[in-house]
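Hello,

Here is the structure I promised to pass on to you. Have a look at it first, and then read my notes below.

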Amino acid sequence: MLNFKNLLMSRDRYKVEPHILGRIIGDVVDKFTPIVTMSLCYGPKHVRNGCDIKPSMVVDPPKIKFTGRPDYLYTLVMVDPDAPSPCAPTMREWLHWYVTDIPGGSDISKGKEITPYESPCPRIGVHRFVFVLFQQKEPLGLVNVPQSRKNFSTRLLAADLDLGLPAAVVFFHAQRESAPSRR
């Protein structure tokens with residue numbers, strides 16, 4: 001039987017993609033081939049797929065850079081597929097951010113923010129926070145604002161807006177920070 005520890009040890013031997021290892025493919029998106037590169041930074045912290053970041057470091061939106069042709073537009077969503085708990089993700093996916101019509105190679109602020117950034121605040125267990133970038137086929141213009149952040153579906157959004165498969169995905173892990181002990 002192949003357990004998680006064995007999978008981690010065999011990752012280099014078999015070149016298991018971090019999106020598969022982190023169950024991003026399957027839980028959030030379908031298998032895809034990246035067509036752009038995307039990098040995220042929370043202050044000085046560069047986000048690598050699967051890295052651990054403290055919630056206190058992600059209060060403000062990250063700086064996001066991605067390649068892409070300036071004549072193409074992109075949609076970005078940030079979700080938590082482990083809400084409220086990785087053992088019982090009854091609110092999968094929790095929507096943290098949703099931006100459309102971002103010109104390729106530019107700043108996220110050049111897009112239309114549909115749902116404002118909400119900083120991660122995991123209460124129980126280790127959560128995955130996933131940034132999914134889609135290349136749009138045309139300007140989206142007016143889109144419906146999600147009625148709720150809970151039970152959002154990245155796949156359903158992609159289908160509804162005819163976005164296709166992701167252009168890029170980056171994710172990190174975070175868990176509740178322990179409170180300082182009192183004397």
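**What I found**

The accessible surface of the protein chain comes to about 10,700 Å², and carbon and sulfur atoms account for 54% of that. Please keep in mind that this is a predicted model.

Let me start with the overall picture. The protein chain has 183 residues, of which 43% are buried. It contains four helices and nine strands. Read from the N terminus, the elements follow the order α-α-α-β-β-β-β-β-β-β-β-α-β. Among contacts between residues at least 6 apart in sequence, 73% join residues at least 24 apart.

Now to the sheets. In general, strands of a sheet pair through backbone hydrogen bonds, either parallel or antiparallel. β3 runs parallel to β9 (residues 168-175), and two bridges join them. If you want a spot to look at, D52 stands opposite H173 in β9.

Another open sheet is made of three strands in the order β2-β1-β4, with antiparallel pairing. β2 (45-47) and β4 (63-66) each have a single partner strand, so one side of each is left without a neighbour in the sheet. From one strand to the next, the twist averages 25°. Three bridges join β1 (residues 38-42) to β2, and these two strands run antiparallel. Here Y42 stands opposite K45 in β2.

Which residues have the most contacts inside the largest nonpolar core? They are M38, Y42, L76, W97, F131 and F172, in a core of 26 residues. β1, β4, β5 (73-80), β6 (94-103), β8 (126-135) and β9 each supply at least two residues of this core. β9 gives the most, with four residues. There is also a second, separate core of 21 residues, which includes V77, V79, V143 and V169. As background, nonpolar side chains tend to be buried together in soluble globular proteins.

Leaving aside residues up to four places away in sequence, Y42 touches V47, I53, M57, V58, D60, P61, P62, M78, Y117, F131 and F172. Two of these partners, F131 and F172, are also listed with Y42 among the residues with the most contacts inside the largest core.

Enjoy exploring it!

Best wishes

Terms used. Residues numbered from 1 in each chain as written. Predicted model: local features only at pLDDT ≥ 70, side-chain atom pairs only at ≥ 80, totals over all residues. Heavy atoms only, no water. Pairing = 2+ DSSP bridges. Buried < 20%, exposed > 50% of the residue type's maximum accessible area, 1.4 Å probe, protein only. Contact = heavy atoms within 4.5 Å. Areas by Shrake-Rupley, 256 points an atom, 1.4 Å probe, with all protein chains shown as cover. Axes fitted to C-alpha atoms, helices over the stretch in contact; angles between N-to-C directions. Core = buried A, V, L, I, M, F, W, Y, C linked by side-chain atoms within 4.5 Å.
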